[in-house]
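I opened the model to look up how its parts pack. My notes follow in the order I made them.

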Amino acid sequence: FGLLFSVFVYYRAEDVLLFSQSQATLNQALGLLNTLLMLSSSWFVALGMHAARKIPGRRAATMFVLALACGAGFILVKYFEYSEKIRAGITLITNDFYMYYFMLTGIHLMHVVIGMGLLTYLWRASRAGIFGPEKIGTMESCASFWHMVDILWVVLFGLLYLMR
């Protein structure tokens with residue numbers, strides 16, 4: 001992702017006007033909503049992991065379901081955002097900005113889907129109530145992946161929606 005971010009910034013510097021004009025057509029409200037969903041989901045994952053380590057009961061499972069709901073919300077918002085662009089005739093081949101926009105957000109979206117699979121594992125493991133050291137280690141790895149996906153979105157939001 002770091003290399004992709006660097007390439008985007010390089011080509012943006014090569015054609016600031018095109019990138020700025022294209023960026024102005026993005027729906028910042030939807031981008032912000034997705035940012036809030038991703039940050040909330042990471043918060044729920046952190047609370048879920050805390051509960052899995054410290055608090056007996058099903059609180060962890062509830063937190064992971066809330067994180068899953070945020071992930072599903074992210075996908076739904078991205079669907080509406082992509083649909084809005086496609087209806088306007090904007091696609092991957094419209095210009096360089098939109099090539100990067102669809103590629104970067106699409107790759108991120110694939111990671112969100114993978115992460116939701118891991119969140120489902122966290123939910124099921126926490127529902128089973130087995131929190132031994134081995135299980136917690138695996139759960140921490142899954143949680144770390146989700147936090148990475150969240151951080152990547154925060155960077156993407158800044159690059160694609162906010163960078164001037």
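**Helix packing notebook**

Left-handed here means that the near helix is turned anticlockwise from the far one by less than a right angle, clockwise being right-handed. I noted the cut-offs: under 35 degrees is roughly parallel, over 145 roughly antiparallel, 65 to 115 roughly perpendicular, and the rest oblique. The axes are lines fitted to C-alpha atoms, for helices over the stretch in contact, with angles from 0 to 180 degrees between N-to-C directions.

**Ground rules**

I am reading a predicted model, where local features need pLDDT of at least 70, side-chain atom pairs count only at pLDDT 80 or more, and totals for chains, interfaces and linings use all residues. Residues are numbered from 1 along each chain as its sequence is written, and side-chain values use heavy atoms, with hydrogens and water left out.

**Whole chain**

How many helices and strands does the chain have? I find 6 helices and 0 strands. Both are DSSP runs numbered from the N terminus: helices are H or I with at least four residues, strands E with at least two. The order from the N terminus is α-α-α-α-α-α. I read the span of the C-alpha trace along its principal axes as about 55 × 30 × 20 Å. Of the 164 residues in the chain, 43% are buried. Buried means under 20% relative accessible area, exposed over 50%, and partly exposed in between, with a 1.4 Å probe and protein chains only.

Ala, Val, Leu, Ile, Met, Phe, Trp, Tyr, Cys and Pro count as nonpolar, Asp, Glu, Lys and Arg as charged, and the others, Gly among them, as polar.

**Lengths and ends**

I checked the helix lengths at 1.5 Å a residue. The 29 residues of helix 4 should span 42 Å, and its end C-alpha atoms are 42 Å apart, which agrees. The expected span is 1.5 Å times one less than the number of residues.

After helix 4 comes G89, with a positive phi near 85 degrees. After helix 5 comes G129, with a positive phi near 75 degrees. At the start of helix 5, a side-chain oxygen of N95 reaches to within 3.0 Å of the backbone nitrogen of F97.

**Helix 3 against helix 6**

I then paired helix 3 (residues 28–54) with helix 6 (residues 133–162): the axes come within 10 Å and cross at roughly 160 degrees. So helix 3 is roughly antiparallel to helix 6. Helix 3 passes helix 6 in a left-handed crossing. Their contact residues divide into 17 nonpolar, 7 polar and 3 charged.

**Two single residues**

Is V112 buried or exposed? V112 is buried, at a relative accessible area of 0%. I located V112 in helix 5. V112 and R53 lie 59 residues apart in sequence and 25 Å apart in space, C-alpha to C-alpha.

A52 sits in helix 3. A52 is buried, with a relative accessible area of 6%. I looked up its distance to I130, 78 residues apart along the chain: the C-alpha atoms are separated by 9.0 Å.

Note on methods. Polar contact = N/O pair within 3.5 Å; in protein donor to acceptor, adjacent residues only side chain to side chain.
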